[in-house]
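Thanks, everyone. I have one chain to go through today, so please look at the screen first and keep questions for the end.

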Amino acid sequence: MRRRPTKTGFSSNVMACLLAAGLAAVAGGPALAARHAPPPASAHSSDQSDATSQDAIIAIIDGTLLTRRDVDNRGRLFALSAGLTLSDDVMARLRPQILRQLIDERLRQNEMLSRHINVSPDQIAASIADIERRNGMPKNALRDRLAQDGISLTTMIDQIRVQLGWSQVLREEMGTRGRITAAEISQREEALRHEDGKPQYLISEIFIPVDDPRHSEDELKFTQTIIQELRNGAPFPIVAAQFSQNQAALEGGLMGWVQEDSLDPQVVEIAKAMPPGAISNPIRVAGGYVIATLNGRRVIGHQMGTLVSLREAFIPFTTPLDPQAPSEQQRDALKQAQQISTTVHSCPELEAINHKFGDKHPSNPGDVQLERVNEQMQKVLTGLTPGQASHPLVAPDGIAVLMVCSRQQKNFAQQTPSDIADQLMNERAEQTSRQLDRDLHRRAIIEMRSKV
């Protein structure tokens, strides 16, 4: 089985790229009570026949019901989180693969129950809060939008719960194999030394499995539909988190820096030729189709760059900005930001100011590689000396002031033992996940009631 390393191990950020957040209700409230609650009256409740169709049972998976509403809710969640308008035609092409995905999730959920694995509301809430913080999202920002679009909160929560719980299943399944030894790390370090100077690729993948290689028409159509949506602007990490059927989905499809022998030969040929940011055509590989995007290339062992430690103070607007008619509060916010830019000279000071304004954005956005931020931000950060605040950076929801705390030159191609251990663990987890998924399907009793 081929290796599919991902960026990190079983981290608390497994849903980092699922931009559907919101939700004080995940701590356990009325939203968790009804698994198939009908959408609000503004959606479809006025049409009784449509409601009946929505409640139609499509499949029974080991005694667990799957309805048309489940499938359509997942499609609408995907459209909302990706910022797309979901047409009837696109939905019709998505449904077969969404159905397959939901069947897999039901099987995984049942396996979690059989192992007495419980994902607590606090774990789900913590994951969602982390998503919100790292994406600069206000708390509960999408909750009303989900309801407005007739999407039950449980649709999103169920997906997060299964992904978190499945990581725990894999830990149990791997047992002692879930520990990476010093000898294994040394062996990989030696292999990397032998490959010094060879190319490495920073690739993100969406993997669509094919059960029967003789009949892959539906999977190909689905793959082509997803590619079209990606080329129309759907964010790759969100689509991967929703639809990719490998462990890299937990990190938005990002596999990390990988060498050619860690990739399918078909993907290597595409990676050699495609420009960064492009979306590949369907790539036929063993077991299914891959959609790939290239985020960068480098030479193994050689990638010098600048690592910058940042702090941010963010002054939120109370209403969205209209550049032609800013409100009084927005004009005051700009004056405050200008004063911060000229009077604050240390990162702790800037952190304190951000806390004063409610920590709407994290004070510490994390260390960043200067060469990997967009050109406009590169210009801002390159011109700052440590302890110097930037000029105010205006956005629709507020004004940010950034400060460089430190900068250092670093060889980003130098993998630490911890990096190697994470990569080895994720390769092992991917293999275990594939095998366990196959076993669950073999043992399952799946009764299909109607077509989607």
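Of the 452 residues in the chain, 50% are buried. Keep in mind throughout that this is a predicted model. The exposed surface comes to about 21,300 Å², and 52% of that is supplied by carbon and sulfur atoms. As for secondary structure, the chain has 14 helices and eleven strands. If you take the contacts with a separation of 6 or more, 79% are between residues 24 or more positions apart.

Now the sheet. Three strands form an open sheet in the order β2-β1-β11, and the pairing is antiparallel. Which strands stand at the edges? They are β2, residues 64-67, and β11, residues 446-448; each has a single partner strand, so one side of each has no neighbour in the sheet. On average, and ignoring direction, neighbouring strands here are turned by 20° against each other.

In general, strands of a sheet pair through backbone hydrogen bonds, parallel or antiparallel. In this case, β1, residues 57-61, pairs with β2 over four bridges in the antiparallel sense.

Next, a helix pair. The axes of α6, residues 153-174, and α14, residues 417-443, come within 10 Å and cross at roughly 95°. On the α6 side, the contact is made by Trp-166, Val-169, Leu-170, Glu-173 and Met-174. On the α14 side, the residues are Met-425, Arg-428, Ala-429, Thr-432, Ser-433, Leu-436, Asp-437 and Leu-440. What kinds of residue make up the contact of α6 with α14? Eight are nonpolar, two polar and three charged.

Last, α9, residues 236-243. Is this helix mostly covered or mostly uncovered? Mostly covered: seven of its eight residues are buried. Going along α9, the buried ones are Phe-236, Ile-238, Val-239, Ala-240, Ala-241, Gln-242 and Phe-243.

To recap, we have looked at the sheet β2-β1-β11, the crossing of α6 and α14 at roughly 95°, and the mostly covered helix α9. That is all from me.

Key: Residues are numbered from 1 along each chain as its sequence is written. This is a predicted model: local features need pLDDT of at least 70, side-chain atom pairs count only at pLDDT 80 or more; totals for chains, interfaces and linings use all residues. Side-chain values use heavy atoms; hydrogens and water are left out. Buried means under 20% relative accessible area, exposed over 50%, partly exposed in between (1.4 Å probe, protein chains only). Helices (H or I, at least four residues) and strands (E, at least two) are DSSP runs, numbered from the N terminus. Contact means heavy atoms within 4.5 Å. Accessible areas come from the Shrake-Rupley method with a 1.4 Å probe; for residues, only the protein chains shown count as cover. Axes are lines fitted to C-alpha atoms, for helices over the stretch in contact, and angles run from 0 to 180 degrees between N-to-C directions. Ala, Val, Leu, Ile, Met, Phe, Trp, Tyr, Cys and Pro count as nonpolar, Asp, Glu, Lys and Arg as charged, and the others, Gly among them, as polar. Two strands pair if DSSP finds at least two bridges between them.
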